[in-house]
Amino acid sequence: MSFLKLSHLNVSLGSKSVLRDVSLDIGKGEFIGLIGPNGAGKSTLLKSVLGLVPSTGEISVAGILSDRLSTKERARHIAYLPQDREIGWAISVEKLVALGRTPHLGGFAGLDENDVAIIENAIRRMDIAEFRHRSALDLSGGEQARVLIARALAQDAPLLLADEPTSGLDPAHQIGLMQSLAELASDGSAVIASLHDLGSAARWCSRLILIHEGQIAADGSPLEVLTAERLRTIYGVEAYLETTQQGLIVQPISLIAK
Amino acid sequence: MKDHFRLLLLGLSLITLLMFALSLLTGPAAVSVSDSLNALFTGQGDALVLVMREIRLPRALLGLMIGATLGLSGAVLQGYLRNPLAEPGLLGVSASASLGAVIAIYSGLSLVFPLALPLMALAGAVIAVLLVQALAGRAAGTLIIILAGVAVSSFAGAMTSLALNLSSNPFAAMEILYWMLGSLTDRSMLHVALAAPFILVGWALLFSLGRSLDALTLGPDAAASMGISVKRVQLIAILGTAASVGASTAVAGAIGFVGLIVPHILRPLVGSQPSRLLPVSALGGASMLLAADVLVRMIAPGRDLKLGVLTAIVGAPFFLWLVFRTRRALI
């Protein structure tokens, strides 16, 4: 069943058209890799779903038109992990994760038992309990990335949008993170992550959407989307591709001489 | 953690209460504590009643309200702009309120009608805020707001200088200068009544932002994705600051550094959580300003040492230390 539906979405920033006529159907349980060269419109697509950039066309979430949702209602449906890992103050890891409950709290009310259980679950899931009392600013980049994902998980929304969640992480942390996102999807959420690492996109995602110059260039399983021809025409690279038991292996090798 | 926070609130409330009492009991008239309090509460003791109720009470009340305003608005602006160097004067409110007051003094309006001064100052603050909001636009980044505030502050400062420059009456120029130094001397209950409504409305607006400021710790996009309307937060922060700081400047002149320093000193005590910093900073600001106002009367009795001068003398070195520490953190 479709959870997020985009029909004929268009986004212009200033006089520049960034997304053109994008239509998509995304269901629960899917782990979608949003791929494409720099400037293709991946981040803008995620932001337009959140209503952070103005768009024309229709976006519906859980069968409700997005325009009809208040900011708070939308936040209960969609969690978001921005590309910049901004942490403004030296708050504790525990407090930072608890921020995820913001859209579920009314007025000046504090956290109830249910909120605490969800926060604890997120902390366990991202394996950050050992530094829960430390300041989030004192952590390494990899630790911070996990804490911020735990924050998004604590929002307990059925759809998670993550903008380049693996950037700046070492291989072990990348694998750990992609594995968590895949688990989240297999538990029934929908996950959309924009990714530059085609290898890990092919390894972990159930479906890839390739964006090129503001339009969907391909949409399907990693095997269908990542062809040598597309990597040449869209990314401008020659790549080594091999199908193995772990799925498709992709390794860009060289630039194509122009 | 929860008990620790309550204890901190309780402790700061007690300190504020103590400073308030100390402010009531400080003055050139040498009277005993019991006589003073007796006069204040029972209204018995003719001249002393006048001193307590008409001179010291409004002074202490203004110290309390203005100190809390500076601490609270400083904490809100630092949280909203996610910048530890933000302070209430940043939005151009103080400079423009000063300009309004200067126009009242310069034109002679304040001689004819004494309340013209605070009223003009308030008008100055309102105009500044409308300008900053118009310059910043609907969903501006924090940088644009800071730049707009700097532009409005500079212009108001330039116009104030022009008034001083062209003033043909040295007494008016003197009065302008003195007023701008910031003071709580010789304020009446009328000043309290004039400022209180604006200050209370400002507080209500600023206190409502706690949860939004917590979410903004992770940046505006993350906050928006958590259901916070960043546009609304901007509007409320600006209006709340304008009402409370505008009214404060209108009755007491520009008092610097309290709004910058107080949130800084107290931030580590609340685990840097912006929402918890709000009540704590309000209490801290109130006790600091009341203490400073007691000090100016004790250091130089009869010389009318200006409150704004004292806060700047203490505040500037602290600011330097802050810059130093920030630099060290960057290296």
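Strand 3 (residues 31-35) of chain A pairs with strand 8 (residues 190-194) of chain A in the parallel sense, over four bridges. Strands here are DSSP runs of E with at least two residues, helices are runs of H or I with at least four residues, and both are numbered from the N terminus. Two strands pair if DSSP finds at least two bridges between them. Within this pairing, Leu34(A) stands opposite Ser194(A) in strand 8 of chain A. Strand 3 of chain A also pairs with strand 9 (residues 207-212) of chain A, again parallel and over four bridges. There, Gly33(A) has Leu208(A) as its bridge partner.

Before going on, a word on the model: it is predicted, local features need pLDDT of at least 70, side-chain atom pairs count only at pLDDT 80 or more, and totals for chains, interfaces and linings use all residues. Residues are numbered from 1 along each chain as its sequence is written, chains are lettered from A and ligands numbered from 1 in the order in which they are written, and side-chain values use heavy atoms, with hydrogens and water left out.

How covered is strand 3 of chain A? Five of its five residues are buried, where buried means under 20% relative accessible area, exposed means over 50%, and partly exposed is in between (1.4 Å probe, protein chains only). In a regular strand the side chains alternate between the two faces of the sheet. For strand 3 of chain A, Phe31(A), Gly33(A) and Ile35(A) are buried on one side, and Ile32(A) and Leu34(A) are buried on the other.

**Salt bridges**

A search of the whole structure turns up 13 salt bridges over all chains. The term stands for a side-chain nitrogen of Lys or Arg within 4 Å of a carboxyl oxygen of Asp or Glu.

| Pair | N to O distance |
|---|---|
| Arg101(A) and Asp115(A) | 2.9 Å |
| Glu120(A) and Arg132(A) | 2.6 Å |
| Lys47(A) and Asp221(B) | 3.5 Å |

Take Arg101(A) and Asp115(A), whose side chains meet in a salt bridge. Arg101(A) sits in the loop between helix 3 (93-98) and helix 4 (113-125) of chain A, while Asp115(A) is in helix 4 of chain A, so the pair links parts of the chain 14 residues apart. Arg101(A) is buried, at 3% relative accessible area, and Asp115(A) is buried too, at 5%.

Next come Glu120(A) and Arg132(A), joined by their own salt bridge. Glu120(A) belongs to helix 4 of chain A, and Arg132(A) to the loop between helix 4 and helix 5 (141-154) of chain A, twelve residues apart. Glu120(A) is partly exposed at 26% relative accessibility, and Arg132(A) is buried at 16%. Elsewhere, Glu30(A), Arg207(A) and Asp219(A) are linked in a network of salt bridges.

**Where the chains meet**

The remaining pair in the table, Lys47(A) and Asp221(B), has its closest N and O atoms 3.5 Å apart. Lys47(A) lies in helix 1 (residues 42-50) of chain A and Asp221(B) in helix 11 of chain B, so this pair joins two chains. Lys47(A) is partly exposed at 25% relative accessibility, and so is Asp221(B) at 26%. Between chain B and chain A the count is two salt bridges.

How many residues take part in the contact? Chain B gives 28 residues and chain A gives 29 residues, with contact meaning heavy atoms within 4.5 Å. The two chains bury about 2,100 Å² between them, 63% of it on carbon and sulfur atoms. In chain B, Arg211(B), Leu218(B) and Met226(B) lose the most area to chain A, together 32% of what that side buries. Buried area is the accessible area (1.4 Å probe) that two parts lose on being put together, summed over both.

**A glycine at the contact**

Gly100(A) is found in the loop between helix 3 and helix 4 of chain A, and it is buried at 0% relative accessibility. Leaving aside neighbours within four places in sequence, Gly100(A) is in contact with Arg151(A), Ala154(A), Gln155(A) and Met226(B). Gly100(A) and Asp115(A) are 15 residues apart in sequence and 9.5 Å apart in space, C-alpha to C-alpha.
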